[in-house]
Amino acid sequence: MVADPQALALLREQLDESQSRDLTVFLAQLMLRVGGDDAIPILVSMAREAPDEEKRSAILDALSISGVSAPAVEDMYLDCLASPAASVRLSGIVGLQRLSPETVARRLPRLLSMVADPDLDVRVAVLSALAHADMLDVSPAATQALDALIVHPDPTFRAAGILALCEQKDAAGVGAALVPFLKDPSDIVQLQALHGLDRVLIDA
């Protein structure tokens with residue numbers, strides 16, 4: 001039920017005119033607070049009809065941050081995995097992960113097809129979603145993709161691989177896997193490993 005139809009209409013107009021990613025995310029979240037479920041189809045439509053990929057990605061992020069779990073939203077996340085824009089693919093993956101591990105399991109074949117995505121952030125997001133849902137080991141391609149990251153000669157890739165590694169549920173196993181990275185020649189990798197160990201200790 002819409003708490004204030006006029007306010008929702010005004011926010012929609014402002015969102016349509018927004019040129020700022022941060023403002024777009026804020027306005028979309030505000031629309032959800034004002035309009036509740038009635039705002040969902042409006043935002044889905046605006047995302048699908050967005051004039052550029054940046055605005056589409058921002059609306060997707062607002063929906064996922066707000067925890068919206070409507071079927072139309074899940075379908076849109078899935079459709080966005082085929083976008084030519086890495087930012088939209090990334091938002092779609094993050095949105096699916098935030099819905100639930102069951103959602104990731106249901107969309108597993110599509111996600112597995114993206115473990116070799118050309119964009120590093122997208123690749124890491126896919127591997128993180130699989131790890132978080134405890135499904136990283138269901139496909140040799142997924143484990144090979146993660147292994148390729150954590151032994152990559154570029155420290156940026158190794159640090160990114162650690163991010164995905166830390167999403168696994170086996171805290172003891174993750175901790176043991178992180179220890180060797182504390183002696184990595186790259187400060188970036190060492191720092192990421194330390195953050196990962198800190199998370200393991202908190203979650204233990």
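Cys80 counts as buried, since its relative accessibility is 7%, and Cys166, at 10% relative accessibility, counts as buried too; here buried means under 20% relative accessible area, exposed over 50%, and partly exposed in between (1.4 Å probe, protein chains only). The structure holds 0 disulfides, a disulfide being a pair of cysteine sulfur atoms within 2.5 Å. The model is predicted, so local features need pLDDT of at least 70 and side-chain atom pairs count only at pLDDT 80 or more, while totals for chains, interfaces and linings use all residues. Residues are numbered from 1 along each chain as its sequence is written, and side-chain values use heavy atoms, with hydrogens and water left out.

The axes of α3 (residues 39–48) and α5 (residues 71–80) come within 10 Å and cross at roughly 15 degrees. Helices are DSSP runs (H or I, at least four residues), numbered from the N terminus, and axes are lines fitted to C-alpha atoms over the stretch in contact, with angles from 0 to 180 degrees between N-to-C directions. The two helices are therefore roughly parallel to each other, a label for angles under 35 degrees. In the contact (heavy atoms within 4.5 Å), Ile40, Val44, Ala47 and Arg48 of α3 meet Ala72, Val73, Asp75, Met76 and Asp79 of α5.

Leu108 lies in helix α8 (residues 108–112) and counts as buried at 15% relative accessibility. Leaving aside neighbours within four places in sequence, Leu108 is in contact with Leu130, Met135 and Val138.

Terms used
Parallel < 35°, antiparallel > 145°, perpendicular 65-115°, else oblique.
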